[in-house]
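Look over the sequence and the model below before reading on.

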Amino acid sequence: MIRLKLAEMDTHRNETTFRPIGWAAPLFEEIGIDFTPHDDFDYAIVSQASIIDKSLPLNEAVEKGLEFLSTIKGDYIILDGQDSTSLMGTIDVFRESDAILFLKNSYLKNFDLYKKGWVNGRVYWGEGDYSVPDIDELKPKMKLSGYNWLHPTLNINLNYEIALPKWKPYDAFTLKEHDREKIYDVSCMFGYPTKEPVYEHGLCQTDYYDLHRKNLLDTLGDKYKIAGLVDGKKIPIQEYYKKMHQSKIIIAPLGYGEMAPRDIEAIQFGSILIKPDMSYISSEPFLYEDGRTYIACKYDWSDLEEKIDYVLSNFENLQHEMIEYTREIYEKKYNLTNLVLHYYDIIKNLGDVVEDTETFRMRPEE
């Protein structure tokens, strides 16, 4: 039996990072992995909120993170649960730490891109000053976390069960019958403009975040009937979902990461998801198949009208084919049994876990 400790698991941001693991605890136990809140652990898992403070300059944040790690008496693994492919901060702590592994929700498929300079490490925001020139040396200890922001345990607003969502017929969501008709061409139900500037390690992120959304809205113009927020102001959640449900297309811009609950909400509402191309990302599981689970467009939106017109002119066929296929693929990939097996494969060489997992692998999908 291996004992894992989830360090500072109740800390904001750590809690969401650890949530899928915590909900799968009974399944972990079946294969010889147990969790303890005490210091009699075999391995501690440390998440990003414990080791990187984005309000500080990067060098100070790294120093603070290393100080925290020095208090852990035993072997530990760093888990970066942020959805962005950026390694800024967490990898800098890892580099100087004694962590035995570095886990992250998503990476760039081409690790050589990390050697170039990007705005706070986010390749889609363009050239900047942050890079990881020694990525080849660090890569052998870098693994995928086995989950991301599309997991049902991180999307609880749609009445999700612990393991998988309860799919509803997309013409019979929790709306009155006269509200179910898809009266909008496009949903742009996202916050814009940002009310308060957001800084990470002294660099303002807001201009990059907002510009992507501004360019989207400028591209759409007044050609389509759009469901959106007024001046980015929040509305009651049922009204928010109602407008998304009434939209044939849901557009999901990239933000501080590439994946978001909106991508799953599109499946629930029977709407076609359009978002910038995701093929450069490596994540496990991975749902995005252009033309099958979503429609990919360019980050600068230069081909967006073409994509929208294609969907609108073929909506009924695409809705039937894409939504049913995506739901099926999601159920196969995004279950807690797969998550537990992913972690088994990561740590099976670190200590004594159950060697024969065949019975566990054949269990009904959770």
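**Rings, a helix and spaces**

Tyr107 and Phe111 are both buried, where buried means under 20% relative accessible area, exposed means over 50% and partly exposed lies in between, using a 1.4 Å probe and protein chains only. This is a predicted model, in which local features need pLDDT of at least 70 and side-chain atom pairs count only at pLDDT 80 or more, while totals for chains, interfaces and linings use all residues. Residues are numbered from 1 along each chain as its sequence is written, and side-chain values use heavy atoms, with hydrogens and water left out.

Rings of Phe, Tyr and Trp (its six-membered ring) count as an aromatic pair if their centres lie within 6.5 Å; planes under 30 degrees apart are stacked, over 60 edge-to-face, and the rest tilted. This rule gives 15 aromatic pairs. In one of them, Tyr107 and Phe111 are 5.5 Å apart from centre to centre with 45° between the planes, and the pair is tilted. The pair of Tyr288 and Tyr294 is edge-to-face because the planes stand at 80°, with the ring centres 5.4 Å apart. Tyr288 and Tyr294 are also both buried. Elsewhere, Tyr124, Trp125, Tyr208, Tyr209, Tyr256 and Tyr299 form one aromatic cluster.

Charges can also sit over rings: the rule asks for NZ of Lys or CZ of Arg within 6 Å of the ring centre and within 35 degrees of the ring normal. The charged end of Lys139 does this over Phe111, at 4.6 Å from the ring centre. Over the ring of Tyr209 sits the charged end of Arg213, 3.8 Å from the centre.

Next comes a helix. Helices (H or I, at least four residues) and strands (E, at least two) are DSSP runs, numbered from the N terminus. How many of the nine residues of helix α9 are buried? Eight are, so the helix, residues 261–269, is mostly covered. Among the buried residues are Arg262, Asp263 and Glu265, as well as Ile264 and Phe269. The buried residues of α9 pack against α8 (237–245), β14 (247–251), β15 (272–276) and α11 (315–333), where contact means heavy atoms within 4.5 Å. After α9 comes Gly270, which has a positive phi near 70°.

Arg122 belongs to strand β8, residues 122–127. Is Arg122 buried or exposed? Arg122 counts as buried because its relative accessibility is 3%. Leaving aside residues up to four places away in sequence, Arg122 touches Lys54, Ser84, Ser86, Glu200, Gln205, Gly255 and Tyr256.

On a 1 Å grid over the protein atoms alone, a cavity is a set of points where a 1.4 Å probe fits but cannot get out; a pocket is an open set with protein on both sides within 12 Å along at least five of seven lines, and lining residues have an atom within 4 Å of a point. Grid points are joined across faces, edges and corners, and a volume is the space filled by probe spheres set on the points.

The structure has two cavities of 30 Å³ or more. The largest cavity holds about 40 Å³, and its lining includes Ser86, Tyr114, Lys116 and Trp118. The second largest cavity holds about 30 Å³. Ile267 is one of its lining residues, and α11 supplies the largest share of the lining, three residues.
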